[in-house]
Amino acid sequence: MSGERVMRGSARRTLVLASVGLLAVLFLLVPRDLQGAKTWKECIDDSFAEYNECLMESTSWFNRALCDLNWELQVAVCTASAFGDIKNAYEDGSSENP
């Protein structure tokens, strides 16, 4: 039973690391100058600041769970926006070569 839990946790961690690695590779290989990396970082920083503020104001486990859920959704929106920027950059091509 505990072996299955370890495998699930290990697989989940591997999936998260692979996703982050894929995002980093896409940012590095994008065919033109893209400001999405800065925008993504700012978006994550803002959502993390809101998350910390929410946690400081929460008074129960339910409020903290809502803070967690809200933060996870904001990170998903930031990441989806970054992927959209990357997709647009690939579709536009490398018209701005230095």
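The count comes to 2 disulfides, a disulfide being a pair of cysteine sulfur atoms within 2.5 Å. Both links tie helix α2 to helix α3. The model is predicted: local features need pLDDT of at least 70, side-chain atom pairs count only at pLDDT 80 or more, and totals for chains, interfaces and linings use all residues. Residues are numbered from 1 along each chain as its sequence is written, and side-chain values use heavy atoms, without hydrogens and water.

**Overall build**
- The protein has 3 helices and 0 strands; helices (H or I, at least four residues) and strands (E, at least two) are DSSP runs, numbered from the N terminus.
- Along the sequence the pattern reads α-α-α.
- Of the 98 residues, 16% count as buried; buried means under 20% relative accessible area, exposed over 50%, and partly exposed in between (1.4 Å probe, protein chains only).
- Among contacts with a separation of 6 or more, 73% come from residues 24 or more positions apart; a contact means heavy atoms within 4.5 Å.
- The protein exposes about 7,500 Å², and carbon and sulfur atoms supply 62% of that area; accessible areas come from the Shrake-Rupley method with a 1.4 Å probe, and for residues only the protein chains shown count as cover.

**The disulfides**
- C43 and C78 are joined, S to S 1.7 Å.
- This pair links distant parts of the chain: C43 lies in helix α2 (residues 36-57) and C78 in helix α3, 35 residues apart.
- The torsion about their S-S bond is about -65°, so the disulfide is left-handed.
- C43 is partly exposed at 29% relative accessible area, whereas C78 is buried at 5%.
- C54 and C67 form a disulfide with sulfur atoms 1.8 Å apart.
- C54 sits in helix α2 and C67 in helix α3, 13 residues apart.
- Their S-S torsion is about -75°, so this disulfide is left-handed.
- C54 is partly exposed at 28% relative accessibility, while C67 is buried at 2%.
- With bonded cysteines counted along the chain, the pattern is 1-4, 2-3.

**Helix α3**
- Helix α3 covers residues 61-92, and its end C-alpha atoms are 46 Å apart.
- Buried residues in α3 are C67, C78, T79, A82, I86 and A89.

**A surface patch**
- W61, F62, L66, L69 and L73 form a nonpolar patch on the surface, with about 570 Å² of accessible area together.
- L69 belongs to helix α3 and counts as partly exposed at 46% relative accessibility.
- Patches are made of residues with over 30% relative accessible area and no salt bridge: like charges are joined within 9 Å, nonpolar side chains (Val, Leu, Ile, Met, Phe, Trp, Tyr) within 5 Å.
- A salt bridge is a side-chain nitrogen of Lys or Arg within 4 Å of a carboxyl oxygen of Asp or Glu.

Notes. Expected span 1.5 Å × (residues − 1).
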